[in-house]
Amino acid sequence: MLVTSRFRPAQRGADSLLPPSAQRSSLRAASSGVPWHLLACAAALAAGLPAAASAAEPRAGDGTWSIGLYGGKLIKDNLLDIVPHAFEGKITGQNTVIEGVLVRRSLQDFGWMKSWSDWGGIPVFNGLEFGAFHHHGGLDTDELIAAWRVGATGASFGGLNIDLAGSFGVSHAFGGEPYDNPDHHKSSDNYATLFYMAPEVVLHHDALPGWQLGFRIHHRSGIYGLVAPSKVGSNHVGMYLMRDF
């Protein structure tokens with residue numbers, strides 16, 4: 001299943017793109033935007049795929065393709081504040097959600113990655129990631145992303161494996177403006193193309209080879225002024241369900 005999200009300035013001190021009443025929306029409001037019908041269809045289709053992922057470890061670097069559905073909610077919190085605020089129950093959601101499709105292709109480990117894996121005995125993986133998303137609610141924007149994903153299996157318990165991973169690349173927004181600029185006076189200042197990053201925790205079990213359940217932060221930013229002003233950016237918190245084939 002998935003949650004859903006949307007664009008919003010993520011940097012400290014940025015004014016809200018949405019009215020105060022929308023900013024105070026609880027994360028629970030996102031549940032009404034969850035595409036349950038899409039998730040049900042995806043699960044049914046995935047169940048009918050050939051069991052190509054017969055191994056317990058789905059990221060073997062053998063060119064495996066994966067596809068899944070992602071959803072989340074736009075939040076007001078800054079990137080570095082999300083985890084501590086989550087533990088404190090202080091996450092501030094906004095009335096915008098995101099939903100879309102993720103596609104991945106695993107790659108062979110290389111150089112330092114292979115050495116690290118061989119030396120430390122920690123399964124390391126990497127690959128390419130592509131995504132297409134629609135943001136709706138308080139704002140109405142579409143987004144495409146292309147990124148390199150890298151991660152490692154951090155722990156295993158009774159067949160349950162926990163991966164720590166991150167995707168790094170480029171995000172381009174189009175459709176309804178503004179995008180992630182709180183001072184959207186000119187179309188040229190809306191910074192449609194920004195840096196993309198998605199840190200995540202992924203769960204997969206030996207009894208369900210090829211399936212992955214991920215919890216991630218969908219982050220767009222100007223990299224502290226490198227490609228856009230520091231106040232430009234957005235954060236979404238969500239989850240995805242993926243299947244290898």
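Strand S3 (residues 124-137) and strand S4 run antiparallel and are joined by twelve bridges. Strands here, like helices, are DSSP runs numbered from the N terminus (E, at least two residues, for strands; H or I, at least four, for helices). Two strands count as paired if DSSP finds at least two bridges between them. The model is predicted: local features require pLDDT of at least 70, side-chain atom pairs count only at pLDDT 80 or more, and totals for chains, interfaces and linings use all residues. Residues are numbered from 1 along each chain as its sequence is written, and side-chain values use heavy atoms, with hydrogens and water left out.

A hairpin of three residues links S3 to S4. Within this pair, His134 is bridged to Asp142 of S4. Glu129 has Ala147 of S4 as its bridge partner.

Glu143 is bridged to Ala173 of S5. Two residues lie between S4 and S5 in their hairpin, and Gly158 in the turn has a positive phi of about 50 degrees.

Overall, the protein has four helices and eight strands. Their order along the sequence is α-α-β-α-β-α-β-β-β-β-β-β. Contacts (heavy atoms within 4.5 Å) were classed by sequence separation. Of those between residues at least 6 apart, 72% join residues at least 24 apart.

Of the 245 residues, 47% count as buried. Buried means under 20% relative accessible area, exposed over 50%, and partly exposed in between (1.4 Å probe, protein chains only). A nonpolar core is a set of buried Ala, Val, Leu, Ile, Met, Phe, Trp, Tyr and Cys residues joined through side-chain atoms within 4.5 Å. The largest such core has eleven residues: Tyr70, Ile98, Leu102, Phe133, Ile145, Ala147, Tyr196, Ala198, Val202, Tyr240 and Met242. S6 gives the largest share, three residues. Ala147, a member of this core, touches Gly127, Leu128, Glu129, Ser167, Phe168, Gly169 and Tyr196, leaving aside residues up to four places away in sequence. A second, separate core has six residues, among them Leu79, Ile82, Met197 and Ile217.

The accessible surface comes to about 11,400 Å², and carbon and sulfur atoms account for 65% of this area. Areas come from the Shrake-Rupley method with a 1.4 Å probe; for residues, only the protein chains shown count as cover. Leu80, Ile223, Tyr224, Leu226 and Val227 make a nonpolar surface patch of about 590 Å². Patch residues have over 30% relative accessible area and no salt bridge; nonpolar side chains (Val, Leu, Ile, Met, Phe, Trp, Tyr) are joined within 5 Å, like charges within 9 Å. A salt bridge is a side-chain nitrogen of Lys or Arg within 4 Å of a carboxyl oxygen of Asp or Glu. Val227 sits in the loop between strand S7 (211-221) and S8. Val227 is partly exposed, at 44% relative accessible area.
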